[in-house]
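Subject: Handing over a structure

Dear colleague,

I am passing on the structure below, and after it you will find what turned up when I went through it. Please read the notes with the structure open beside you.

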Amino acid sequence: MNPIIIFGVPDFRALLYAPIGAYWSGNLLVAKIMSLVIAFIAITMLYRWARRTCSNETALIASALLIISPALITQVDSLSAGPYILLGFALGAWLDQAYRKTDKIFGGWYFLQMIWVAILSTIHP
């Protein structure tokens, strides 16, 4: 199963699923497990962000509701872009925080954010 055939050339998910195609060709279970791991990494990053900006209880409840949400479960099951976009937003928030800590106005963190926005726009269907 080649992801470029399914998702098309400009989709960045084709590059994300390439290692799965190399080692476990045609195994959809591995692709779903990878999407689930990506979703859990994103939820962990968003939990840490919410714990830092809100209370600990709010972050825990929001993360638990996101884990059991039917939308996330459906996105993982159908290999949709949801977990990857969720991870993209979490990494985007981290990049924004790193950019705001620096003294340079248009430094490397700014352009890294712009590249990250371009990558995320290719993931969105």
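Of the 125 residues of the protein, 29% count as buried, where buried means under 20% relative accessible area, exposed over 50%, and partly exposed in between, with a 1.4 Å probe and protein chains only. Please keep in mind that this is a predicted model, in which local features need pLDDT of at least 70 and side-chain atom pairs count only at pLDDT 80 or more, while totals for chains, interfaces and linings use all residues. Residues are numbered from 1 along each chain as its sequence is written, and side-chain values use heavy atoms, with hydrogens and water left out.

The secondary structure consists of eight helices and zero strands, these being DSSP runs numbered from the N terminus (helices are H or I, at least four residues; strands are E, at least two). Among contacts in the protein with a separation of 6 or more, 57% join residues 24 or more positions apart, contact meaning heavy atoms within 4.5 Å.

Two salt bridges are found in a search of the whole structure, a salt bridge being a side-chain nitrogen of Lys or Arg within 4 Å of a carboxyl oxygen of Asp or Glu. In one of them the side chains of K32 and D77 meet at 3.1 Å, N to O, and this pair links distant parts of the chain, since K32 lies in helix α4 and D77 in helix α6, 45 residues apart. K32 counts as partly exposed because its relative accessibility is 28%, and D77 is likewise partly exposed, at 48%. R100 forms a salt bridge with D96, with the closest N and O atoms 2.9 Å apart; because R100 and D96 are four residues apart in helix α7, about one helical turn separates them. R100 has 63% relative accessibility and so counts as exposed, whereas D96, at 27%, counts as partly exposed.

Helix α6 (residues 70–77) also packs with helix α7 (residues 82–101): their axes come within 8 Å and cross at roughly 115°, where axes are lines fitted to C-alpha atoms, for helices over the stretch in contact, and angles run from 0 to 180 degrees between N-to-C directions. On the α6 side L72, Q75 and V76 take part, and they meet G82, P83 and L86 in α7.

With kind regards
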